[in-house]
Amino acid sequence: MDPAGAPPASGSSQDLTPGALNRMLMEFLAYAGRALVVLYPVYLTGCMGLSISWVLLCILTVHWWRRNRECKDARIGSAIDFVDAEKRVVNEELRASLAMATWVHFPDVEKVDWLNKVLEQAWPFFGMFMERMLKENIQPSVRLSSPALKTFAFTKVHFGHRPVRITGVKVFTHEVDKREVVLDLSISYDGDADIDVEVKAPITAGIKGLQFKGMLRVILEPLIGDAPLVGGVTFFFIRRPTLQINWTGMTNLLDTPAFSQLSEETIMDIIASLMVLPNRMCIPLVDQVKVDQMRFPLPRGVVRVHLLEARNLVAKDTYMMGMVRGKSDPYAVLRVGNTQFKSKTIKENLTPCWNETYEFVIHEAPGQELELELFDEDTDKDDFLGQYNIDFGEVKKEKELDQWFTLEGVPNGEVHMKLQWLSLQTDQNLLSEVTEGCACAMLAVYLDSASSLPLTRRIANPNSFVEFSIDNQVQKSKVAYASQDPVWEEGFTFFVHSMKNQQLCVQVKEHEKKSVLGLLSLPLSRLLKASDMTLEQRFSLERSGAASQLKMKATLRILAIEKPKPKPVLDPPPKPAADPAAAVDRALTSAVPTPASAPAPASASVGAFNGGYDPQRHGSSLALAGRRTAPATPQMRRYDSHSLLSENSMASSRFDVSEGARYPEALVNHQGTLGEIQVTLRYATLRKKLIVIVNACRDLFACGENGTDSYVRLYLLPDQSWRHRMRTQVKRRNINPVFNDKFEFSVSLEEALRRKLDVAVKNSRMFHTRERKEIGMVLINLSPLDLVKGVTEWYKLTLPGLKKSV
């Protein structure tokens, strides 16, 4: 027996949870059951004196049947997938076989054959420039980086005959400042470069060809009124490019994945330190432009990402040797450039709730993306649960996005996120320290250089770097080799949570020994008193030489949440001079007392694409609900109606028997939203059909204590007869039903873009025989949608005549 208080041994049964023990027991029982099923027929055959060939024949028959069934299911599934998404399948096949260029996949990207011809003509001169740069700049830096590389030298530099190709260019003009032009160049290089180096005689290495792909952003700013019209050119990679190298020489002896990855990763680190955000390459064209402002301008803003929850995730964990499907242990990874965060893991849950907040500094919008990946945590290898990328240009435009995003790369799954755009302000009145751990300000530091660093007997010319820290936030600069007056020219950003208590700590350190060459402390409250919240000067270093100084620039900005712009409200259409249908409407509604001067709801005129429902299509329904609206125009009535009473009145066949009745009292008195519906719309070009998928609803009005027995009814206007009516199956006792029902309408693409989709969510079990069944409606205008590409959106449900808060 263990002594009292002694901790349990590692791996003992006390460390196992009941769930783990249950899982192990189920797996053992499944293994024993399978062994019994396999071995018992053999035992029975031996007892009966039969030949073992009968057992083998049965096994072969079962194996053949299962294999044939799997092949048949695969063929049927492929055919169904091709019919449902023929455009996507064709594009994927062509992309894999033809290596289609960027301008083929994206309509807003253009091909630039003329630029490729210019590069082809200038490629030999580019090789001469690169040879001179490698020998004059890169070679001395490599020699100083390590004592083992003191004799490093480029013996041969030839960039081959195949030039870099620009596979597509996208130009931003409206999304950016008026004094700049932004270009995104898709670069692809599959070259026959031939580069040899001598590491240390007789050790040699070389490159015989390399592949390089990336997105290069070129910024022309500021635009000026004098020649050359552009003040400077800035270029950089928004994301780290991909690089593959074919090594030769002595490196072939070490041609292992680890060595290859290390070498290519080292080269990519060098490229990233020069040309990957937030680092930039700048070429000033006029003297008035400051290089430090071009190399490290203030960021565009900050995005606060609230990772809220997910639902309907794929179950990756299995039990009983894969026979029983379990759940998953999901966690999320959020990445912007080199900044990455990992959320907590929610054990055994397909609808996890995180409620975590992250903040990212955005240097370019549009351009930079939030990369979200979900994984199932396992002991060996984590399983992939889906991903989603969103461009921050959309967040900057909308100011705030709060919605469910459909995960890509998996059959199903959604994640709920709220993204807020925070602008950088200088108004100190906007400063308010947040208690939930969010930042209240951002500090941008531009490190220029140092002078007269101290020398010792061991350090003649120090290899130095600078370490910045604000509490737990630590960032380091690159190493400046063999210089008493090093130059770094790098930028850094930090989040500030408390202006009164936090300070910026700066340490200049020697590279090999990590010894401190100088210290500097800068209270952040000092920046509040500075002009434009900026300090740009030479700071004297403590615990250093008498003349040791550090030149840097520190800029403080207040983070302010920008509210989304209110959506425009369209004016209601004018009343017609004479409308025959108005008399019919008045006759239908005369039995219901209505206020004489009740105005139409202001929200009724909001566009249906934004989630509102157009009450002009339901003039009679509005009156029956207890409110009077302006009668619809004759043109709209001709579009919407095939009436049983006249050519211009509302079609009763469009509704159920209860359509002429009033709304239930519980629904009329309901305060709050009526819920939302998610619909997928796309057009199958080859089949010439409009495909509508009713995915799900959420937060529906509860018609009873156990929820709602709901279904969805569809009309593709102006077709409103019973034979054009589409409806889903009924989902009972649920206010968040999932339908996943698909409907097809035979209509040309041009005709579909002129149509509207009438969607109504109804209660299958009526409140009362004389009460209406609708619990939410939406009218979707198809004209502004990209039906060929396909869209999936959540639409807010409303009811005609009922003013509901949304």
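Trainee: Is F159 buried or exposed?

Mentor: F159 is buried, with a relative accessible area of 12%. Buried means under 20% relative accessible area, exposed over 50%, and partly exposed in between, using a 1.4 Å probe and protein chains only.

Trainee: What should I know about the model and the numbering?

Mentor: This is a predicted model, in which local features need pLDDT of at least 70 and side-chain atom pairs count only at pLDDT 80 or more, while totals for chains, interfaces and linings use all residues. Residues are numbered from 1 along each chain as its sequence is written, and side-chain values use heavy atoms, with hydrogens and water left out.

Trainee: Back to rings. How many aromatic pairs turn up in the whole structure?

Mentor: A search of the whole structure gives 12 aromatic pairs. Rings of Phe, Tyr and Trp (its six-membered ring) pair if their centres lie within 6.5 Å; planes under 30 degrees apart count as stacked, over 60 as edge-to-face, and the rest as tilted.

Trainee: Why is the pair of F126 and F159 called edge-to-face?

Mentor: The planes of F126 and F159 stand at 70° with the ring centres 6.0 Å apart, so the pair is edge-to-face. F126 sits in helix 5 (residues 113–145) and F159 in the loop between strand 1 and strand 2, 33 residues apart. Helices (H or I, at least four residues) and strands (E, at least two) are DSSP runs, numbered from the N terminus.

Trainee: And F126, buried or partly exposed?

Mentor: F126 is partly exposed, at a relative accessible area of 33%.

Trainee: What does P163 touch?

Mentor: Leaving aside residues up to four places away in sequence, P163 touches L119, E120, W123 and Y189. Contact means heavy atoms within 4.5 Å. P163 lies in the loop between strand 1 (153–158) and strand 2 (165–172), and is buried at 18% relative accessible area. Its C-alpha atom is 8.9 Å from that of A122, a residue 41 places away along the chain.

Trainee: How many bridges join strand 19 to strand 22?

Mentor: Six bridges join strand 19 (residues 464–470) to strand 22 (residues 503–510). V466 has V508 in strand 22 as its bridge partner.

Trainee: Last one. Where does the charged end of R727 sit?

Mentor: The charged end of R727 sits over the ring of Y711, 3.8 Å from its centre. A charge sits over a ring if NZ of Lys or CZ of Arg is within 6 Å of the ring centre and within 35 degrees of the ring normal. R311 lies over the face of W404, at 3.8 Å from the ring centre.

Note on methods: Two strands pair if DSSP finds at least two bridges between them.
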